[in-house]
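Here are some notes to read with the structure open beside you.

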Amino acid sequence: MSTPARRQYLDIKAQHQDALLAYQIGDFFEFFDDDARIVARELQIALTGRSYGPTEHAPLAGVPVHAVDTYLARLVARGYKVAVCEQTSQPGRGLVRREVTRILTPGTVVEPGMLPATRDNYLVAVAFGRRNPATGLPRAAGLASVDASTGAFACVEWSGAALPDALRAEIHRLSPAETLVSERLTAPTPSPSSVAAGEGTQSHRASRMASEETSQSPSSPLGKGDGGTGELSWFEPFPLTFRPEHDFDAESAYTLLCRQFGVPTLAAFGCEGLHQAIAAAGAILRYLERMNPSLLSLLTGLRTYQTSDFVEIDGRTWRALEVVEPAHTAPIAMNRTTESAAGKANGANGRQRGADRPATLLATLDATRTAMGARLLRRTLTQPLRDRLAIEARLDAVDDLSAQQALRERLGAALDGLGDLERLTARVAQGIAVPRELYALAAGLERTPLVKEALLHAQASALVTLRDALDPCDEVREFILRAVADPLAATGRTLRPGYHEELDRLVESVSEARQWIAALEGVERERTGIRSLRVGFNKVFGYYIEVTKANIARVPEDYQRRQTLATGERYVTTDLKEREALVLSAEEQIAELERTLYSQALKTLAGYQPRLRATVAALAQLDVWLGLAEVARARGYARPELSDDTALEIIGGRHPIVEATLDGAEFIPNDTRLATPGADAAGARIMLLTGPNMAGKSTYLRQVAVITLLAQIGSFVPAASARIGLVDRIFTRVGAEDDLARGLSTFMLEMIETAYILRHATPRSLIVLDEVGRGTSAGDGIAIARAVVEHLHDVTLARTLFATHYHELARLADHLPRLRVFRMEVAERDGQAIFLHRVVAGVSDHSYGVQVARMAGLPASVTTRAEELLGATSGDGDSLAPGQALEAQALRIAEATSPYATSAANGASASTDEVEESLSNAGPMDGVSEPTLPAQSSIPVANIASQRDLALALASLPLVTTTPLDALNLLFALQQRALAVLQHEREEE
């Protein structure tokens with residue numbers, strides 16, 4: 001049979017089955033049963049046990065009270081929900097009372113040690129409307145987000161065909177710590193990729209997890225999705241928490257929000273009529289009320305926004321451009337120029353700087369001094385603006401700060417070491433701030449007049465607006481210094497003397513009683529003549545007078561025996577008991593009165609929350625603009641010129657991340673010029689870039705996108721000059737990856753992403769495509785790449801940078817007037833390729849694959865053999881005209897004895913790539929795009945080889961490994977060559 005203590009635990013655990021229960025027993029928080037096994041595994045601590053009666057033994061894992069937040073933070077970071085059950089009565093006779101005082105989840109933690117200092121910690125809720133029978137997709141969806149550590153509360157709603165893409169992009173932008181969705185999301189529905197491909201009504205074969213399986217379980221972290229099917233796939237890879245469907249009811253959510261804000265309608269918040277956005281916001285309120293009701297005091301307003309106000313960027317583009325997260329997890333040493341210019345602002349606020357910073361755009365630009373400024377910079381980077389006037393206002397502020405070194409120095413000195421006033425204000429509003437945090441808030445407010453005074457020299461209107469918004473909140477600072485005891489004084493008191501008369505009287509009475517007790521030992525020694533007499537205290541017997549056995553006969557008659565020891569006796573007197581009662585009762589009264597008065601003080605300070613938030617927002621914004629100005633000065637960035645057309649002109653552009661990692665080495669700048677359609681009939685809209693790997697194509701492509709992004713957040717850009725026609729969306733299709741969980745190969749994923757771009761891009765978009773068409777045969781790849789280029793040129797009209805190894809596409813410039821061909825310049829020395837990283841007009845005639853393979857460390861036998869097959873060692877292939885190169889290549893392959901050749905039995909033979917490439921490089925006679933080759937051939941007749949050479953080419957075909965499609969392409973190319981030879985012979989006759 002269970003003991004009362006065991007039953008108490010089981011009763012509390014039954015109310016929190018979806019969480020790990022941290023159960024306080026004295027100086028430890030213990031976990032029992034399955035919770036103990038999980039905690040021991042996750043925290044790498046010992047798993048022990050505890051007996052309850054003769055028959056019951058429970059697994060046990062515990063952590064000390066003084067370090068519990070550290071351990072709980074690790075559990076929460078792994079996606080677990082933790083219910084903290086604390087003792088609410090003093091140990092003594094009977095069972096100690098316990099109750100759950102807080103529930104920690106990834107999206108609701110507010111403890112400083114559990115939060116990332118430089119990024120927001122979002123709790124997100126998403127509500128879906130009824131499905132559209134035609135597409136199977138929801139007609140509308142609403143998203144609400146809150147940062148429980150600051151109280152930032154916002155919502156947005158979408159409808160129509162753009163819903164899946166917009167929702168998924170916003171989820172990736174927010175990167176929520178926890179996402180609330182309804183338990184009903186279990187039916188298979190089309191994924192965004194199928195919608196983009198026009199498959200909106202097709203069902204998925206993949207089975208969905210049932211709601212009871214996707215619900216949170218204490219034996220596993222929060223759900224990670226549904227394996228890629230249905231709406232849940234839109235949230236990957238972020239953790240999900242499933243909530244009851246009634247939590248997302250729009251009508252009750254409306255009432256709940258009105259009560260929270262004390263208003264009759266939500267019209268003032270801009271969400272009136274946005275039913276799904278209201279439903280999502282209501283779900284967040286209900287969740288916070290269950291997890292931590294004190295957080296509701298932070299939610300004083302709701303901001304409604306539209307994602308169409310910002311440049312739309314999907315998750316893959318964020319990763320490709322490495323805006324906030326690196327493509328590779330290993331940190332890269334960053335150039336310290338910006339760090340020294342920005343000042344040594346880490347340390348106090350735990351900022352990450354120096355050689356261990358990740359190679360991201362955020363890290364490159366981050367010269368902020370405060371944690372709240374760093375968080376705002378991150379939000380700014382992920383929300384580039386479309387409004388030119390708003391961007392210009394930001395640029396004016398950065399320009400003003402960049403031009404005034406004295407102003408930057410004064411502002412930097414005022415902001416250096418400033419505490420996280422944003423989160424401190426939130427803790428005050430919740431009523432959980434400790435004296436140390438209040439003094440940090442007061443110290444920050446004390447610097448506000450210095451910042452305000454420095455901004456008197458600012459000229460930009462945005463800086464003047466910030467100056468006017470700065471409120472020193474003198475009443476707050478004075479109240480803190482008057483009411484709260486200095487935490488460094490170590491007086492043991494929370495409130496200052498003189499703050500409250502009754503408290504002072506109690507403290508004084510305790511002080512007098514303690515002084516009397518402290519003097520009692522000397523008085524009694526003098527009165528009794530017992531020199532070894534001692535006055536002491538313990539928790540069981542209280543104050544006592546101790547006399548050794550040798551002196552017991554000299555004890556006065558008014559001494560009352562309290563305890564007998566082996567070495568003597570302990571006594572009390574009437575006066576001592578009175579003083580003891582006074583001290584103990586007064587201490588309890590003092591503790592209770594201090595708790596009450598301190599709580600009232602926090603409520604008083606919370607009344608200043610709106611003014612404090614305005615000041616904090618101004619300081620954070622100023623920190624961001626000051627940091628951008630520091631980076632611009634340190635790295636030689638230029639102010640971009642913005643325009644409402646769709647031109648794009650960058651002179652001397654550089655990639656900011658790559659440049660920051662060079663550590664003093666020179667970055668080769670390059671230009672980019674794309675014109676507005678119609679404004680310049682001869683202007684380029686598509687830039688076709690050829691060249692070998694490692695020559696810098698990908699860096700160049702990304703730098704154009706990054707420079708455009710920087711311009712639209714209001715930052716200076718790494719270029720000599722830039723004229724940016726504002727973009728509405730940025731698309732990238734770069735890199736090779738697959739999605740095996742959803743059964744998508746590399747090529748299939750590439751085609752899905754390309755389809756998405758072609759369907760959603762507008763003439764105002766910027767598109768970056770790298771190697772479209774790889775992953776299939778050369779013929780198919782060239783055909784697809786050419787069709788994509790033609791569609792972008794004739795239909796989409798978007799500004800496009802298209803990098804390719806298919807040099808044949810360069811011929812498109814002959815009949816696509818808005819396409820220009822460029823190449824990465826490469827020099828050769830002693831057979832080695834030297835990549836100059838310079839973009840020049842023209843088409844690259846070599847891919848330098850063998851040289852790159854040698855640089856990668858391939859065995860010398862492999863690279864040497866490859867050179868033999870290509871004719872690189874003799875150089876004849878490279879020096880021939882296209883028509884001659886074909887036959888020379890075929891002749892070499894046919895006549896060379898391959899050390900890798902084997903019989904057809906083992907299925908090995910030479911690769912078809914060399915033959916296919918040589919045939920396709922022979923000019924416009926490739927069979928895929930020019931079926932009437934002989935009539936249109938531009939190859940000189942004198943360069944056409946004999947029938948013997950054609951026979952050699954045919955003999956060199958690797959039939960064992962050639963696929964049927966490759967064989968048809970090769971035969972077609974040979975046939976066209978044969979027809980050309982026959983036509984030449986007839987002309988000679």
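Two strands are taken as paired if DSSP finds at least two bridges between them. With that in hand, please keep in mind throughout that this is a predicted model.

1. Let's begin with a hairpin. Strand 1 and strand 2 form it with two residues between them, and Gly26 in the turn has a positive phi of about 65°. Strand 1 (residues 20–25) pairs with strand 2 (residues 28–32) in the antiparallel sense, over three bridges.

2. What does strand 1 do on its other pairing, with strand 5? Here the two strands run parallel, joined by four bridges. Leu21 has Ala83 of strand 5 as its bridge partner. Strand 1 is also mostly covered, with five of its six residues buried.

3. Six strands make an open sheet in the order 3-4-2-1-5-6, and the pairing is mixed. Strand 3 (48–52) and strand 6 (98–104) stand at the edges; each has a single partner strand, so one side of each is left without a neighbour in the sheet. From one strand to the next, the twist averages 35°. Helix 1 (residues 4–14) lies across strand 1, strand 2, strand 3, strand 4 (56–64), strand 5 (82–87) and strand 6, and runs at about 145° to strand 1.

4. Strand 7 (residues 122–128) deserves a look of its own. Seven of its seven residues are buried. Tyr122, Val124, Val126 and Phe128 point one way, while Leu123, Ala125 and Ala127 point the other way, and all are buried.

5. Which strands does strand 7 pair with, and in what sense? Strand 8 (residues 140–147) runs antiparallel to strand 7 and is joined to it by seven bridges. Strand 10 (residues 178–182) pairs with strand 7 in the parallel sense, over three bridges. Leu123 makes a handy landmark for both pairings: this residue stands opposite Val146 in strand 8 and opposite Glu178 in strand 10.

6. Next come the nonpolar cores. The largest has 155 residues, and Leu143 and Trp625 are those with the most contacts inside it. Helix 21 gives the most to this core, with 13 residues. A second, separate core has 50 residues, including Leu60, Cys271, Tyr287 and Leu295. As general background, nonpolar side chains tend to be buried together in soluble globular proteins.

7. At 1.5 Å a residue, its 20 residues (435–454) should span 28 Å, and the end C-alpha atoms are 30 Å apart, which agrees. Among the buried residues of helix 16 are Pro435, Glu437, Tyr439, Gly444 and Ala454. The buried residues of this helix pack against helix 14 (405–415), helix 15 (421–430), helix 18 (474–483), helix 20 (574–606) and helix 21 (609–635).

8. How do helix 16 and helix 21 pack, by angle and by axis distance? The angle is about 65°, and the axes are 12 Å apart. Helix 16 passes helix 21 in a left-handed crossing. On the helix 16 side the meeting residues are Leu441, Leu445, Thr448 and Val451; on the helix 21 side they are Leu612, Thr615, Leu619 and Leu622.

9. To finish, two threonines in loops. Is Thr646 buried or exposed? Thr646 lies in the loop between strand 18 (641–643) and strand 19 (648–653). Its relative accessible area is 9%, and the cut-off for buried is under 20%, so Thr646 counts as buried. Beyond its sequence neighbours up to four places away, Thr646 touches Ala675, Thr676, Pro677, Arg685, Gly725, Pro763, Arg764 and Arg799.

10. Thr567 is in the loop between strand 16 (560–564) and strand 17 (568–572). At 54% relative accessibility, Thr567 counts as exposed, because exposed means over 50%. Leaving out residues up to four places away in sequence, Thr567 touches Thr548 and Lys549. Thr567 and Lys549 are 18 residues apart in sequence, yet 6.0 Å apart in space, C-alpha to C-alpha.

Technical notes. Residues are numbered from 1 along each chain as its sequence is written. This is a predicted model: local features need pLDDT of at least 70, side-chain atom pairs count only at pLDDT 80 or more; totals for chains, interfaces and linings use all residues. Side-chain values use heavy atoms; hydrogens and water are left out. The expected span of a helix is 1.5 Å times one less than its number of residues. Buried means under 20% relative accessible area, exposed over 50%, partly exposed in between (1.4 Å probe, protein chains only). Contact means heavy atoms within 4.5 Å. A nonpolar core is a set of buried Ala, Val, Leu, Ile, Met, Phe, Trp, Tyr and Cys residues joined through side-chain atoms within 4.5 Å. Axes are lines fitted to C-alpha atoms, for helices over the stretch in contact, and angles run from 0 to 180 degrees between N-to-C directions. A crossing is left-handed if the near helix is turned anticlockwise from the far one by less than a right angle, and right-handed if clockwise.
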